[in-house]
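Subject: Handover of a structure and notes on it

Dear colleague,

Please find the structure and its sequence below.

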Amino acid sequence: MDIRCRKTGCEFNDRYTCKARKIDVSKACVCRAFVKGNKEVDKSKKMFSNTPRYAPQRDSKTIKIECQANCLFNDNGVCEANGITLNDLKNHPYCITFLKK
């Protein structure tokens with residue numbers, strides 16, 4: 001499962017790949033697993049001038065993504081997408097893979 005996250009200040013973020021054991025996406029599409037850490041600021045906003053170094057993607061068996069959003073990929077509270085991307089919008093990491101049912 002490819003889980004990309006631009007919230008690089010999160011404790012679980014390893015070069016734009018989420019390393020949390022479990023992710024919980026709220027009804028408002030906000031990742032509730034976010035824990036502020038002492039990591040670098042997101043540099044991918046300038047990705048056309050500097051290519052960011054991404055960590056390898058994770059095996060889907062190693063992570064559970066719970067979801068409360070009214071999303072096409074939500075199957076009884078579990079995300080069934082092949083991968084998700086979390087963006088760094090304002091103070092919260094939002095799931096931008098969200099597709100309204």
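The notes below describe the chain as a whole, then its core, its cysteines and one lysine.

The model is predicted, so local features need pLDDT of at least 70 and side-chain atom pairs count only at pLDDT 80 or more, while totals for chains, interfaces and linings use all residues. Residues are numbered from 1 along each chain as its sequence is written, and side-chain values use heavy atoms, with hydrogens and water left out.

The chain has nine strands and zero helices; here strands (E, at least two residues) and helices (H or I, at least four) are DSSP runs, numbered from the N terminus. Of its 101 residues, 44% are buried, where buried means under 20% relative accessible area, exposed over 50%, and partly exposed in between (1.4 Å probe, protein chains only). Among contacts with a separation of 6 or more, 69% join residues 24 or more positions apart; a contact means heavy atoms within 4.5 Å.

The largest nonpolar core contains 20 residues. Such a core is a set of buried Ala, Val, Leu, Ile, Met, Phe, Trp, Tyr and Cys residues joined through side-chain atoms within 4.5 Å. I3, I23, V25, I65, I84, L86 and C95 have the most contacts inside this core. At least two core residues come from each of β1 (2-5), β4 (22-25), β5 (64-67) and β8 (83-89). Beyond its neighbours within four places in sequence, I3 touches Y16, T17, C18, I23, I63, I65 and I84.

How many disulfides does the structure hold? There are zero, a disulfide being a pair of cysteine sulfur atoms within 2.5 Å. C10 counts as buried at 6% relative accessibility, and C71 counts as buried at 5%.

K7 lies in the loop between β1 and β2 (13-14). With a relative accessible area of 10%, K7 is buried. Its charged end sits over the ring of F34, 5.4 Å from the ring centre; this requires NZ of Lys or CZ of Arg within 6 Å of the ring centre and within 35 degrees of the ring normal. Leaving aside neighbours within four places in sequence, K7 is in contact with N13, F34, D88, K90, N91, H92 and P93.

Yours sincerely,
A colleague
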